[in-house]
Amino acid sequence: MDQARSTISKIFNGEPHSYTRFNLTQNMEGDNSQVEMKLSSDMDEEVGGNGVGDHLNHNSNSKPYVAPKLKHTPQNLFFMAASTLLIFIIGILIGYLVQHKKDTPPSCAASVLPFEDPVPHETGAAPLMDWDDVKKLLAQKLSAEKFEPIFSEFSSESHRAGSPGDEVLGNKVLKKFKEYGMNTWTDEHFIKVQDPPASGFNKFVYKGMEERPEGFLSYSASGTANGSILYAYYGMENDFMLLRDRNINLSGKVMLVRAGKISFAEKVANAAKMNASAVLIYPDHADYTAKDIALFGHVHLGSGDPYTPGFPSFNHTQFPPVQSSGLPQILAQTITTVMAEKILRQLGGQSVPESWGGSYKLGDESDLITVEVNNVLTEKKIHNVFGVIKGFVDADRYVIIGAQRDAWGPGFAASTVGTSILVELARSISEMVKNDGLKPRRSIVFASWSAGEYGSVGATEWLEGYLSSLSMKAFCYINLDGAVTGQNGFKVAGSPLMHSLFESTLKEVKTLNKDMNLFTSFGKGNWESNVLEPLKMDNAAYPFLAFSGIPSVSFRFTHANSDYLYFGTKLDTQEKLNGVTGNKVPQLAEMATQFAGHVALRLVHDHLLRMDLAKYDKLIRIQVAQINAKVNNVQRMQPHLFPKALTVQWLISASGSYSRASRSLAADIQNSNLEDIEMCRIINDRIMTVERNFLSPYESPRENPFRHILLGSGPHTLKALSNHLDALKTNNPKADTDLFHNQFALATWTIQGCANSLAGDIWALDNEI
C-alpha cells in the first residue's frame, strides 16, 4: 500500500512542468522590478490548448491530432470494463490520499521563503521533530550551573599554541567528545610563527632612554629602524590622510599609534602605505585602565600560516619557500602606556588635531628614536580536535561550530569560555540525539582550533587542506570565540544570507529576564542597526566566509559603549571577566550557547536551508548604484580618462540576473514537491553555491586570499572599484584607468557567474547580458 501510495502521489503531486517568463525593469535607485510569471497551464489556454510538448518542440505548424474511433468488438468491450475497474480502484486510493494529506500537511515549502515554521513531517528517512520540541529540549539540557565546573576544567594559565598546556586542553576536548559518543579525529599541522626572542629582547631608544617592552607582535619584520617619531592617533587611513593634508612628511617615520578601533595588522599596513619605517602601538589611558599592561598579537594582514599562503602546513610538504603578501616589511612592536607617555610628553612639532583630543604634539624631525625587533621564527606542531554528530538524511552536508583553544596568557574570555560553550553544546545535542529522539537531517561538526592568537592559523590551515570538499559540503560556520565580553550589549556579524535567521533566533532565545528575549532586549526598534556589525578580518569566522565561501556567523555579549580591554593581554582572567559582567559569566554563557544552538539546530532541522537570497540582492543593488553614480561623476569631471565610453550597463544587467535567478529559485521552491528528499537536496545545493560563487575566480588565493567580491579584501571587490573611482575623480597618480576597466569587467562577470550558477540547469540561464 505504501508503495502504491508513493507511486500515485508522484503521478498526481509530482513536480509540475512549468516555466517562468520574466520582464524585469531595473531601476538603480530602488526596486521597481516588474515580474511576469506564466506557468505552462496558463500558456496552454493562451495559445489555444497546445501542450508543453509543443513549446519544447517549437513546432507551430503541426496539425492537431485526432483520435480514431473504436469499434464495439468483444475485445474492446473487455478493455473498457477493465479500464472502468482500474479507474474505480485509483479513485479509492486518491480519496485515501486526500484524507491522509488533511491529517499530514505537506512539508515546509515556506521554510526558506518566507521562513515560516515547518510542520512535523515524515521524510521516509528520518522523522522530523516539531521545532518547538527541539527548542524545549535544548533549554532543558542547558543551565548556568553546569558551566562553573566546565570553566574550571578548561582554565589554564599557560596554553600558548603548540605548548604542552595547549596539548593537554586538546586532549580534554577530545576525551569529552568521545564520552558523548561522537565520532572523533584530530588534524596535525606544522606551522611557522614568530615568538619573542628566546635570549635577548626587543627594545627602543628615545633621547637616551632605553626601554625593553615585554609584549610583542608576531610576524613583524626584524632588524633596526632609525627615524623621527610621529604621533598618528589610532593609525587608521583617515588619521594618516589628516597628517598628509598638513604637509607632514610621513616617509621614514616611526609611527606611534593607539591600540583599538582596528586590528594591529591594519595599523601596520596603513603605516607601510605611507612609507613609514616602524610602528609602536600602545594602550592609551583613555581606553585602558591598567598603565603597565603588555599587549600581544600579530601583524599578518591575513589569516593562517603566512609562510604557506593558500596551501596547508602539513609536514614534509614540498612547496618552495614563499611568503604571504600580507606580511609587513616594516618593524612593529607594542609598548606600555607609561612608555608611550614618556615619549608623548617630549614631542615637538604641530599640535594634534582638535578631533583627536589631548594636548600632545605630533613630533618633528628632531624627535629621533631607534626601534629594534629581534623576534624568532619557530616551527610548531599544533592539533585541531574534531567531533561529529552525523545527520540522518544528508549526512554529508554539515554545519561547523568552532572555538579557539590557545591564548597568550590565561585567555579566559578569548578561549576558555568559547571552548566551554563548544563542549556543552556538543554534550547537549548528543544527548538529544541519543536519548530524546532528535534526528537532525544534516551533520554537525564541532571543532577546537589551535593557534588562533596568531591569526586563526589552525582553522585556516584546515580550510586550505580540505577546501575542495568543504566548499561543496559545509554550508555554515558558527564562531564561538569571545562570545562573552560584557552584558548590556549584543552584537552579531555574519553573511547576509543568514540575517533573517539571526532575527528569528533573537526572538527565540530568552534573556536573564525570562519574560524577555534577545530581540526585545537588544534589537528593539531597528534590530539591524542595533545588533548587526561588520565581520572583521581578525575574526575567526572571516576566512570561512571570505576565503572559503562558507556562510558564517560570529556573535558576542558586550558592553554597549566599549570593547573588552583584556584581549591579547595576560590580564584576561576569570576575575576580570566577572568584573565587566557583574559576575554573570555562567548565565551569559548559557544564553550564548542557546543562540549558537538555535542557529545550528535550525539549519540541520529544516528540510530547506534557511538562507535568504534577497539580502544579497539588496546589497548588490546598493553597491552597483553607488558605482553607477561615481562613474557618471568621473565622466563629467574627467572626460579624458575614458576615451572610450564606459558603460555600467553590464554591471547593472549582472545585478538584474542575480535578482531574477534568486526569484526564480523561490518560484521553483513553490512549484516543487518538497516531500521528495532528492528535490530538497538539489535546491539546497543551489542555495549553497551562492556564497562560494561570490569568490572571484580571477584572483590568486596566495596574493588575495579573501576573494569575496562583496565582503572580502583586495582590488577585486566592489568596494575597491568604488574607491578606485574616487581616485580617478581626484586625478590621484596611483589611479589607473586600464586597471579599473579590467577590475570592473571581472567583478561584473563574477556576479553574472553567481547568477548563472544559482539559476540551476544550463538551459535556465539568463542570457540578457
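Let's begin with the overall build of this protein, whose secondary structure comprises 24 helices and 16 strands. Keep in mind as you look around that this is a predicted model. Of the 769 residues in the protein, 54% are buried. The accessible surface comes to about 34,100 Å², and carbon and sulfur atoms account for 52% of that area. If you take the contacts with a separation of 6 or more, 78% of them link residues 24 or more positions apart.

Two packed helices are described by the angle between their axes and the distance between the axes. Here the pair is helix H7, residues 164-179, and helix H11, residues 412-435; they pack at an angle of about 10°, and their axes lie 10 Å apart. Because angles under 35 degrees count as roughly parallel, H7 is roughly parallel to H11. On the H7 side, the contact is made by Val-173, Lys-176, Phe-177 and Glu-179, while H11 contributes Thr-419, Leu-422, Val-423, Ala-426 and Lys-434.

Setting aside residues up to four places away in sequence, Leu-565 touches Asp-287, Tyr-288 and Ile-293. Take Leu-565 and Asp-287 as a pair: 278 residues separate them in sequence, yet they are 7.8 Å apart in space, C-alpha to C-alpha.

Technical notes: Residues are numbered from 1 along each chain as its sequence is written. This is a predicted model: local features need pLDDT of at least 70, side-chain atom pairs count only at pLDDT 80 or more; totals for chains, interfaces and linings use all residues. Side-chain values use heavy atoms; hydrogens and water are left out. Helices (H or I, at least four residues) and strands (E, at least two) are DSSP runs, numbered from the N terminus. Buried means under 20% relative accessible area, exposed over 50%, partly exposed in between (1.4 Å probe, protein chains only). Contact means heavy atoms within 4.5 Å. Accessible areas come from the Shrake-Rupley method with a 1.4 Å probe; for residues, only the protein chains shown count as cover. Axes are lines fitted to C-alpha atoms, for helices over the stretch in contact, and angles run from 0 to 180 degrees between N-to-C directions. Angles under 35 degrees count as roughly parallel, over 145 as roughly antiparallel, 65 to 115 as roughly perpendicular and the rest as oblique.
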